[in-house]
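The exercises below are to be worked with the sequence and the coordinates side by side.

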Amino acid sequence: MKITYKKLFFFSVLMILLQNIQAQTEQDGIMMAKQNWCAGFVYNYNSWSNYWEGTFKRNNANLGTVSTQSLAFMGAYGITGKLNVLYSLPYVHTHASAGTLHDMQGLQDAGIWVKWQAWQKKVQQQKYTVFLTGGYSFPTTNYQADFLPLAIGLRSKTASLRLILDYQKKNFFVTGTAAYAYRDNIYIDRFAYYTTEMHYTNEVAMPNMMYAGLRFGYRKKEDYAEVMVVNATTLGGFDIRKNDMPFPSNKMNNTLVGINGKYAFPHFHRIALTGSVSYTVTGRNVGQATNLSIGVFKVFDFASAKQKHTNHNQVNN
Amino acid sequence: MKKIIFISIITVTAIVFACNKNAPDVTANLSPLQPQNIDMNAGSWKTILLSRSDTFTVVAPAATNSANYKTELNEIKGYQKNLTDAQLATIKYWSAGGVLRWNELMRGLVTKYNLPAYQNPDGSYPIPNANNPFAYPLFPFANPPYAARAYAYISAAQYDALVACWYYKKLYNRSAPYANDSSVKAKVPTSILPSYPSEAAVMAGVTAEMMKLLFPTEIANIEQKAKEQELAMMMAGAATRSDIVAGETLGRQVAEAFIARAKADNAGKAVGTPTDWKNFETVATAKGEIPWYSLESPKRPPMLPLFGNVKPFLFPSSTVPTFRPAPPPATHSQAVQDAAAIVYNKIKSPTRENIRHVQFWADGVGTFTPPGHWDAIAAQDFITKNFSEVRWARNYALLNMALMDAAIVCWDVKYYYYNPRPTQINPAIKTLTGIPNFPSYISGHSTFSGAAATVLAHIVPEQADKYWGLANQASMSRLEGGIHYKEDCDTGLVVGSKVGNYAVLRAKQDGAE
């Protein structure tokens with residue numbers, strides 16, 4: 001077999017993608033049409049009983065099952081058909097089924113992403129598309145990050161850049177994606193803490209993150225069904241020692257497999273349902289979580305509304 | 001398309017390497033210590049364990065015009081010819097104050113070793129073994145009583161060693177190398193304090209030697225730090241080889257005296273035996289009370305239940321039971337239900353401010369414990385006071401002896417009453433921090449804080465209100481966190497301040513004021 005430069009390049013990109021993400025719309029290969037606003041709520045239930053301290057897998061009778069429920073207000077708006085803005089703001093509630101630790105709840109981090117369809121090529125029934133996504137998220141409330149595993153989030157202001165490669169043939173598609181997230185330092189309520197060494201400050205340097213994912217499935221108009229594998233890798237960070245407490249700057253890695261889907265009711269107010277199930281196959285300093293989510297979205301089409309409004313006026317005249 | 005991918009990859013790579021994150025320690029860039037008063041007469045201050053300042057002999061140094069001394073000056077000049085940035089950094093680090101730096105290192109060790117053991121497959125727990133310290137679980141488990149004792153021994157030993165050091169400094173009166181030879185540059189603020197024996201080497205020696213007992217798995221790292229401190233002072237032109245050797249020897253000798261005390265102070269027996277553990281339960285039940293039990297799963301044996309028998313520094317062992325307060329509400333009474341209701345109402349929907357207090361004062365697993373927390377608060381103010389090294393040591397000795405004795409008294413009370421935590425009385429009480437694995441009455445944080453605030457208010461009187469404000473916050477944080485009744489906290493502060501008064505009494509009589 002002749003190994004061409006092109007093949008080699010493609011192979012390396014694929015390897016990067018396979019290495020590593022999460023599941024949200026800023027990661028998929030779909031764009032909103034111009035002046036269309038898709039808005040909705042997603043309810044998410046995440047729970048685990050087993051977790052990893054470094055590579056040591058254990059359970060903990062003082063935690064039982066740790067569950068995180070969230071309700072996120074999410075959406076996407078098409079500035080043009082090739083440039084979308086997406087947002088998300090979740091309210092999060094955590095709970096441990098055993099032990100004595102108190103639940104935590106509150107508004108977590110707001111995220112905003114700009115997604116650009118940078119390049120597209122159609123060859124007969126095949127379509128190649130490249131997207132670039134830039135995002136920023138920040139805590140909306142003064143919640144406490146240093147209360148893991150029950151903290152509702154990590155507080156770090158995060159800037160991310162994502163590359164999405166999408167290939168579609170008829171209704172079948174494959175999407176590969178890789179992202180890099182820069183995480184800003186955070187401040188905790190203590191004035192000293194230990195990682196692998198002592199720190200005399202309330203400021204915590206947060207390691208950056210790398211994400212990658214691969215999805216494939218069936219897509220038709222607004223509907224899709226897909227299988228995904230996504231991976232998150234912390235670039236740095238440290239392991240929880242045996243029986244120690246977790247910390248925001250831990251090396252938190254995981255690989256999830258799951259299925260996602262979206263179904264838009266035909267001729268029914270442009271309402272769609274989304275659903276997702278995923279499972280953590282392997283991880284480090286995280287829980288082995290099962291994740292379920294269900295969402296409901298509605299598309300508001302300002303472009304055709306304007307059109308209709310114009311038509312209406314014309315009739316009246 | 002290739003171009004876009006290429007540009008993206010370059011951008012991402014640029015971000016990866018461009019961002020250099022740093023969260024520097026707040027004490028990383030301190031100015032060198034320049035004492036307001038060199039405390040020339042500290043050699044006459046009252047020692048803690050040594051019977052006299054000259055219990056250990058330090059031989060007279062060579063004269064500054066001797067050939068030997070000239071050779072020593074040449075060694076310093078040799079170092080000073082090519083000081084690297086790393087070497088200058090160690091000089092800067094240690095010149096901020098040896099007592100401060102050793103206290104920081106000590107707090108780091110406590111934090112690192114404050115880790116409870118993971119359970120055995122049968123649900124029992126392995127116990128750290130001082131004779132096999134590298135086996136899991138590493139020795140020691142630096143929990144609050146262990147830490148309180150460790151800080152106290154280090155501080156007390158440093159103090160006695162530095163008093164002896166000052167005694168010989170004055171006796172032999174050999175000035176620092178930079179004062180004896182103008183071609184030796186002073187890389188630290190100059191002082192008329194004699195340099196023989198070197199106070200830095202005394203600290204290095206006494207601390208390194210003590211650590212063999214307290215943190216045996218860290219000996220290699222500690223000895224390296226000790227060498228670093230000594231070399232830093234030579235490179236800085238502040239001490240010659242013989243200043244260092246005399247200081248280190250003196251320090252290690254003083255440490256031996258404290259190690260001998262530590263080996264016989266009953267701390268080694270504080271873990272107790274299963275028979276002891278059972279006995280606390282039997283005694284409480286016989287009194288008609290609900291005994292404390294561990295809220296951990298699997299149930300963990302109580303933390304150092306016999307620590308109340310450890311020999312205190314500030315008063316005789318026989319005084320310990322005299323601190324015992326009146327009993328808490330009976331465990332079957334309506335009063336205890338009411339007390340638990342107060343806790344439940346606090347914890348039902350905690351405010352962010354409550355959570356902040358609880359977390360700031362949590363001082364649980366993986367922290368330097370409440371005594372370390374108070375050492376850190378003390379350091380913030382001591383830094384601004386420009387104390388001499390011997391006065392730094394004296395103040396830390398007073399504070400840490402009070403904290404250790406507070407631990408002894410508090411543990412005596414806790415195991416005398418063996419009183420259940422609020423969550424044991426009312427399981428609906430969820431907590432904002434882990435429930436410590438020992439009885440409730442009286443609150444350890446409150447006892448420590450009452451003792452610390454009393455001592456610090458005496459040492460830095462202008463900050464007395466701040467210390468009491470912090471002590472009250474620390475105390476109430478345990479109620480806000482759901483792990484203590486209000487009475488545990490209030491009584492703890494009172495008992496703690498009584499312990500602290502013994503340190504104040506000592507302070508008034510030790511010759512330093």
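**Exercise 1: a helix pair near the end of the numbering**

H17(B) and H18(B) cross in a right-handed sense, a crossing being right-handed if the near helix is turned clockwise from the far one by less than a right angle, and left-handed if anticlockwise. The model is a predicted one, in which local features need pLDDT of at least 70 and side-chain atom pairs count only at pLDDT 80 or more, while totals for chains, interfaces and linings use all residues. Residues are numbered from 1 along each chain as its sequence is written, and chains are lettered from A and ligands numbered from 1 in the order in which they are written.

Task: determine at what angle helix H17 and helix H18 of chain B pack, and which residues make the contact.

Solution. Helix H17 spans residues 464-480 and helix H18 residues 486-509 of chain B, and the two pack at an angle of about 155° with their axes 8 Å apart; axes here are lines fitted to C-alpha atoms, for helices over the stretch in contact, and angles run from 0 to 180 degrees between N-to-C directions. H17(B) is therefore roughly antiparallel to H18(B), since angles over 145 degrees count as roughly antiparallel, under 35 as roughly parallel, 65 to 115 as roughly perpendicular and the rest as oblique. On H17(B) the contact uses B:Ala471, B:Ser475, B:Met476, B:Arg478 and B:Leu479, and on H18(B) it uses B:Lys486, B:Cys489, B:Gly492 and B:Leu493, where contact requires C-beta atoms, placed from the backbone, within 7 Å. By class there are 5 nonpolar, 2 polar and 2 charged residues.

**Exercise 2: the neighbours of H13(B)**

Task: state how H13(B) is oriented against H4(B) and against H16(B).

Solution. Begin with H4(B), which packs against helix H13 (residues 369-385) at an angle of about 155°, with the axes 10 Å apart; that makes H4(B) roughly antiparallel to H13(B). The crossing of these two helices is left-handed, and its residues include B:Arg107 of H4(B) and B:Asp375 of H13(B).

Turn next to helix H16 (residues 444-459), for which the angle with H13(B) is about 25° and the axes are again 10 Å apart, so that H13(B) and H16(B) are roughly parallel. This crossing is right-handed. B:Pro370, B:Pro371, B:Trp374 and B:Ala378 of H13(B) face a set in H16(B) that includes B:His445 and B:Phe448, and the contact divides into 7 nonpolar, 3 polar and no charged residues.

**Exercise 3: the side of chain B that touches chain A**

Task: find how many residues of chain B are in contact with chain A, and which helix gives the most.

Solution. The contact involves 43 residues of chain B and 36 residues of chain A. On the chain B side, helix H1 (2-18), helix H4 (98-113) and helix H12 (352-360) each supply at least two residues, and H1(B) gives the most, with 6 residues. The model scores ipTM 0.94 and pTM 0.93.

**Exercise 4: the setting of A:Gln120**

Task: decide whether A:Gln120 is buried, partly exposed or exposed.

Solution. A:Gln120 lies in strand E7 (residues 109-123) of chain A. With 14 C-beta neighbours inside 10 Å, A:Gln120 counts as partly exposed, because a residue is buried at 20 or more such neighbours, exposed at 12 or fewer, and partly exposed in between. Leaving aside residues up to four places away in sequence, A:Gln120 touches A:Lys127, A:Tyr128 and A:Thr129.

Definitions and conventions. Contact = placed C-beta atoms within 7 Å. Helix = DSSP H or I, 4+ residues; strand = E, 2+ residues; numbered from the N terminus. Nonpolar A, V, L, I, M, F, W, Y, C, P; charged D, E, K, R; others polar.
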